[in-house]
Amino acid sequence: MDDKTAKIIFQPSGRRGAVPMGISVIEASRLLGADIEALCGEKKVCGKCKVRIEEGFFEKYGLESKPSHVSSWQEEEDKFIDTEDRQAGFRLGCVTKVLGDLLIFVPEESRAGKQVVSKAARDIHIEHNPAVTLYYLEVDKPTFEDPTGDYERICAQLEKQSGFKDLRIDIQTLRQLPAALRKGDWKVTVSVWMDQEVIRVRPGKFEGSYGMAIDVGTTTVAAYFCDLGTMEVIDTVFLMNPQCKYGEDVMSRITYHMMNADGLEKMSNDIIAALNSLIDQAIEGTHPPKKKVKKKKGEKDAEQWIEVPEKGKTYRRLTREDIEDITICGNTAMHHILLKLDPEHVGMAPFPPVIHHSLDIKARDLGIHINPSSYIFVLPNEAGFVGADNVGVLIAEEPYNKDEIQLIIDIGTNGELVLGNRHKLISSSCATGPALEGAQLSYGMRAAPGAMERIKIDPETHEVDYKVIGRDAWRQYSEPQEMQAKGICGSGILDLLAELYSTGIITKSGVFNKKGQKSERFRKNPDTGQNEFVLAWAAETGISKDIVITQKDVRQIQLAKGALYAGCKLMIQRMGVEGVDKVKIAGAFGTHVDREKALIMGLFPDCEIKKIESIGNAAGDGCRAALLNREKRAEANWISRNVEYIELTMEENFQQEFMRAMQLPHMTDKFPHLEGLVPAKILHQK
């Protein structure tokens, strides 16, 4: 190492290398591929990037690590690191600068680890009309009497069979045409895109044609691998958006772009690599699994991989080139970053996108590894903060074809709302996700093993029962050490606020009710002075600490739910209606949300429980509809320009509605459908 670089080793990942002196630990982790959570985009407000600086000389690595090899303690760290952890060497990666060689331990809760994703494809009606269709052709060989060109020869046959005129052909396909015709003895299968362009020619007869619908979320990316001929969803593959290391929300990523000259390119390259990884994952699933076996004595190489097919299972054995069409949706920021379109102005009033209309882009131009002549169809955007993902929801649910007033809530990292029917539709967005997904909460986390996903509190004793991801049995049926709880994820957060309120642990205003406490779980933290309620004792956790919900945490959840409710209320007022006929909850939250709990906490205005419906990943379903039915692409462009977008913060009474909506379930609005679900003395408290 020279005096301008330092040797860094991250454990337990083992990622290591030389990094420039003076950069932050978070920046070093990015350089070396040891991703650390940075939910707030390094604004020093989430505390999720906590790491431990190891001290000593580590002979195995020839490295000496000590506290003096990082910058001095910062005031911001006091909020997240107590005295005990400070003495143990814990620091915040966002503020700690590298000044020398370091061995850094990243605790599990700080790792950008594997998330549990609920993005299953729903069984929705889709008319079959894919953009890519196959045609088997048998053409005559050229002769001296008829020396017509290869391309003109297949065009003539396509016109004869299907009536196509003026077809064009992609240059890469044209280059493959002569060999394909002759290898197939003048019998070929031709792939035609949108009845306009030949994008693939294969020798012989083929019947399979495949595509992918990809929902690029701020936090997760889900891809639906489909048979274009039968509409079967062959596989659903997903991963965490690798851009999470630049910040949890879209504004953090826009800011990263603005603060770093190569920020946009880095983030775009990351998501393209992620899409290619999903493609490889889907293709790998069409081949038999492999296992490593030892070779016989004397054979070259000691080991080899062999296929181990499952008995009775048929494998398609596809390649990347067999994917001939892709549709993509995502919010406006994800859309722009993917395409390397400057997202800066999306984050500044009046929040204009670079483009509203859909795009057809060659896969090779984006660096996506499928049939290179194929197109990527990118769904259109509605507005700066209501993007192509919301258009996907609309073309999946089709509220514009219904008489009933529907309220569609897509709760992700950003909350998107649609209200209306066939006469009128309006949309808006609000910042809900970071708190509801675990950011900004003391023990919030993503949906991963150990996350508390369901919570119940006994109204008489205030004892807590809960279920964690990765374990079927609830706490009451388990030994303490079996739970290994690590934090609270989104569905658990929704449960928790409703349970705290309905059992009287917190009041309507969200304040801990000191007079109504019935157990030692309620206490004041001696270090922070904050009131808190223990959800899991240290003996039950995988982090050797009590997992608590603090007064500050309750406020963060109230802010998120208040923004969502206020958005719904303002849209209802704008529409001039009394209420809604149906509430549809989309996104991963929609898959796991308890309808009663959502209504109790006041996530949206009062509604009959039976009229609250979960619609799962509707954005992905709409993207899949556009993959399997080309008419949905035109429909997407039409609806994206026929929805009235309202900017909630510009509404005259937004602040007033927002403050009222922070109370549980609301300061003044009535909730007759909660009668019997919440004790009357609690529901009607002033």
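Asp-195 lies in the loop between β10 and β11, where helices (H or I, at least four residues) and strands (E, at least two) are DSSP runs numbered from the N terminus. The phi angle of Asp-195 is near 60°, a positive value in a residue other than glycine. Most residues other than glycine have a negative phi, and most peptide bonds are trans. At 33% relative accessibility, Asp-195 counts as partly exposed; on this scale buried means under 20% relative accessible area, exposed means over 50%, and partly exposed is in between, with a 1.4 Å probe and protein chains only. The model is predicted, so local features need pLDDT of at least 70 and side-chain atom pairs count only at pLDDT 80 or more, while totals for chains, interfaces and linings use all residues. Residues are numbered from 1 along each chain as its sequence is written, and side-chain values use heavy atoms, with hydrogens and water left out.

Strand β10 (residues 187-193) and strand β11 (residues 197-203) pair in the antiparallel sense over six bridges; two strands pair if DSSP finds at least two bridges between them. Within this pairing, Val-192 stands opposite Val-198 in β11. The open sheet has four strands in the order β8-β10-β11-β9, with mixed pairing. At its edges stand β8 (132-138) and β9 (168-169), each with a single partner strand, so one side of each is left without a neighbour in the sheet. Helix α4 (residues 171-183) packs on the sheet and touches β9, β10 and β11, its direction making about 30° with that of β11. Here contact means heavy atoms within 4.5 Å, and axes are lines fitted to C-alpha atoms, for helices over the stretch in contact, with angles running from 0 to 180 degrees between N-to-C directions.

Another open sheet has five strands in the order β2-β1-β7-β3-β6, again with mixed pairing. Its edge strands are β2 (16-20) and β6 (90-92), each of which pairs on one side only. From one strand to the next, the twist averages 40°. Strands β3 (residues 50-53) and β7 (residues 102-105) are antiparallel and share two bridges, and the bridge partner of Ile-53 is Ile-104 in β7. Across β1 (5-11), β2, β3 and β7 lies helix α1 (residues 25-32), running at about 130° to β2. The loop between α1 and β3 holds Lys-44. Like Asp-195, Lys-44 is not a glycine but has a positive phi, in this case near 70°. Lys-44 is partly exposed, with a relative accessible area of 32%.

Where is a strand enclosed by the rest of the structure? Eight of the eight residues of strand β17 (residues 323-330) are buried, so β17 is largely enclosed. Strand β12 (residues 210-216) runs parallel to β17 and pairs with it over seven bridges, with Gly-211 opposite Asp-325. Strand β19 (residues 375-378) is also parallel to β17 and is joined to it by four bridges; there, Val-378 is the bridge partner of Ile-328. Helix α16 (residues 618-628) is mostly covered as well, with 11 of its 11 residues buried.

A search of the whole structure finds eight aromatic pairs. Rings of Phe, Tyr and Trp (its six-membered ring) pair if their centres lie within 6.5 Å; planes under 30 degrees apart count as stacked, over 60 as edge-to-face and the rest as tilted. The rings of Tyr-210 and Phe-225 have centres 6.1 Å apart and planes at 40°, so this pair is tilted. Tyr-210 in strand β12 and Phe-225 in strand β13 (residues 220-227) are 15 residues apart. Both are buried, Tyr-210 with a relative accessible area of 7% and Phe-225 with 0%. Phe-351 and Phe-385 form an edge-to-face pair, 5.5 Å centre to centre with 70° between the planes.

The loop between α7 and β18 is also the place of Pro-350. The peptide bond from Ala-349 to Pro-350 is cis, with omega near 5°. A cis peptide bond also joins Leu-664 and Pro-665, where omega is about -15°.
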